Amino acid sequence: MQRRLVQLLRPLAKRTSATWHPISQLQNSQLRRIDRKEIRRRKEAQVRNLFAEDEAINVEDVVGEIIRARNEIWDGRSGDKRTANTDTQEKEAKRQKLNNGEAAPLPVYATKFDEAELAAEERRPKKKVAVMLGYSGTGYKGMQLAPDQKTIEGDLFKAFVEAGAISKANADDPKKSSFVRCARTDKGVHAAGNIISLKLIVEDENIVNKINEHLTPQIRVWGFERTNNSFSAYQLVDSRIYEYLIPTHTLLLPHPRSFLGRKCRDWAERKGELEAWEQRQEEVRGYWDQVDEEMVRPILQDYPDDIRSVLEKALWLTAEQEANRHGDDGSARPSKQPKTVQTAPDSGDAALDKAAETTDAITHSTAQEVEQSAKEVSQEQLSAEPQSDGGTQEQVLVDKPSNTEEAATKTEQPAQDMEPEKSLQPQSQPSEPQPELSEEQRIAKEQRVARRKLIDDGVKRLRAAYVTAKRKYRVPDQRKQRLQDVLNLYLGTRNFWNYTINKPFRDPSAKRVIRSFNVNFEPILIDGTEWLSLKVHGQSFMMHQIRKMVGMAALIVRCGCDPVRITESYGPGNFSIPKAPSLGLLLERPIFDSYNKRAKADLQKEPIDFDKYKTEMDAFKQKFIYERMYEDEERENVFGNFFNHVDNFPSNTFLFVTSGGLEASGEIDGPDTGAAPVLAAPEEDDDEDDAVGHTVNMADLDSDDELDKLKDNAGDEG
């Protein structure tokens, strides 16, 4: 036990001591927290600078509309984060109760029986068993027991008690039954086969059916095998096989007018690799130009000139304009200011701050106009996201190095983050009576409302057109082979510290063995969307590791990046790798080859074999896992929103997938300190996933307690 505790705490000790290193202080001083407000300011500055010198339009009139329309068309919509705030407040309240000496509440999975019931219960023998089960992770906060969250293990433990497989005396604490999982899965992650070892009362031949009767249909116990008393599902597992299902449109190159799309070409030219970059994008070259010509332009032609102008500017901010006005880090360069605003020339973040200030002045009147007309259209669309009582801005973080998850968000959810700052505040005070409008004011208001409706209609149609174009994409074999070539670079023993959280570069536990990572070249076509199956076989995986591996591989293929970037990610440089949505991840089964060899020869026990349940498992996967994945993607556009956010993220965070590598993303060379960059990421719905989760889920980690993260990261699944 003491040795295990030392293993768990060593990474934390290294990380803590490393933060005092001089280089660490230098890195931390260079990292700037980027929250949603900062993202909004950058987008405002970007649009204002692009059109400040365009005399054909009045920037003061349309900048707010352009920003809002562009955000809705290109960015993944954010989910409601009230749940996250509520969870945080509830946890804080529980901590206060404990600090005040109040008794800790009983965990949600535990049952406390009175003394009379315990005395009347008949004592029956318990046997050590390996329980084989499968589940759909949708709606659950992961596999692992949590005292105040709905988890797979929590429901399973209660079912054991209700079925009589665990005695009433042991119903309040899983440890009394030696409850141990084989593989921990994150929030929203599924499993066709997983193992739990514990002591159960199994003398009833019908015990499996009784347990299943007390479980929701999305959790099934396949059966169990008797084991020796020292058996541990966690310690004796040899390896694990995971499957990840991903839509093939995620391998499309970023739209050439997205932030990432422009930077890919720009850095290829700067590094003299344009020809090689174009060759890696050969099979998808011109795809988006064809979509714009055949699907987007006809939609634009349906609108009046003034509305079409706003929609076109939201869609087609040209690379040439941005190159003339932006530095390498995406910050605004000095440009001609409107006559009504005077600012001194500057560059970098200082220029960005000044640009944001001038944007506030420019958009003030337009913002009020948009807000007023929007209230007439739908007050609900401008409902505010409350902040905590402490007044802290909710942060959207990239965990070490990123916390980008998957974003599981609704396709047509209205934009909230691009509205004026005033409209984002809770409307707690009753509104004062408004004076009666004159005829001229009434007509003007009706015109604003009508204009807003037309813009919203155009935004929805354009967004739907791009979603449809993605789902019509069919990946060629050449593209699939590029993906396979990238996945092959994960094989062997590698330092995956960049693919998890809370792991510094020199932590030996970050080295993991990948035995195979294969693409099934036969795609699956479901409801018009093409999917690929990726299967990875590894000895063990850290938190988020598989999702980050998939996210990195997909970004390298879609951005035409040299696959050597995978090899570079094993080094000391910080890569802020976004984790792909949990929606596509599935634990297929754990492998117990070493134990099975001993089971019959030495222990006279049956081997742990999922094959005997293959028919039931295949039917379960199809109904409760695969079909739910497809339905969730069809309804919420999870993968589309995730990559939309990455493509249009107004920062250099993800530019390591360009020809510029870490130079493009602005990382500082030097030894790793274990400190995580604090950067924004796409937002995840907490009830995804995330998304993601995502991400943001894609903001929140899939496990809330830092000690649990550290414990799970020492070798459990992620």
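Helices (H or I, at least four residues) and strands (E, at least two) are DSSP runs, numbered from the N terminus. The model is predicted: local features need pLDDT of at least 70, side-chain atom pairs count only at pLDDT 80 or more, and totals for chains, interfaces and linings use all residues. Residues are numbered from 1 along each chain as its sequence is written, and side-chain values use heavy atoms, without hydrogens and water.

Asp527 lies in the loop between β8 (524-526) and β9. Gln604 is placed in the loop between α19 (593-601) and α20 (614-636). Asp527 is exposed (over 50% relative accessible area; buried is under 20%, partly exposed in between; 1.4 Å probe, protein chains only), at 66%. Gln604 is exposed at 62%.

Aromatic pairs number 22. Rings of Phe, Tyr and Trp (its six-membered ring) pair if their centres lie within 6.5 Å; planes under 30 degrees apart count as stacked, over 60 as edge-to-face and the rest as tilted. Trp531 and Phe639 are edge-to-face, because their ring centres are 6.0 Å apart and their planes stand at 90°. Trp531 belongs to strand β9 (residues 529-538) and Phe639 to helix α21 (residues 638-647), so the pair ties together parts 108 residues apart in sequence. Trp531 is buried at 2% relative accessible area. Phe639 is buried at 0%.

Ring pairs also join Tyr490, Phe496, Tyr499, Phe517 and Tyr570 into a cluster. The charged end of Arg270 sits over the ring of Trp267, 3.9 Å from its centre. This term requires NZ of Lys or CZ of Arg within 6 Å of the ring centre and within 35 degrees of the ring normal.
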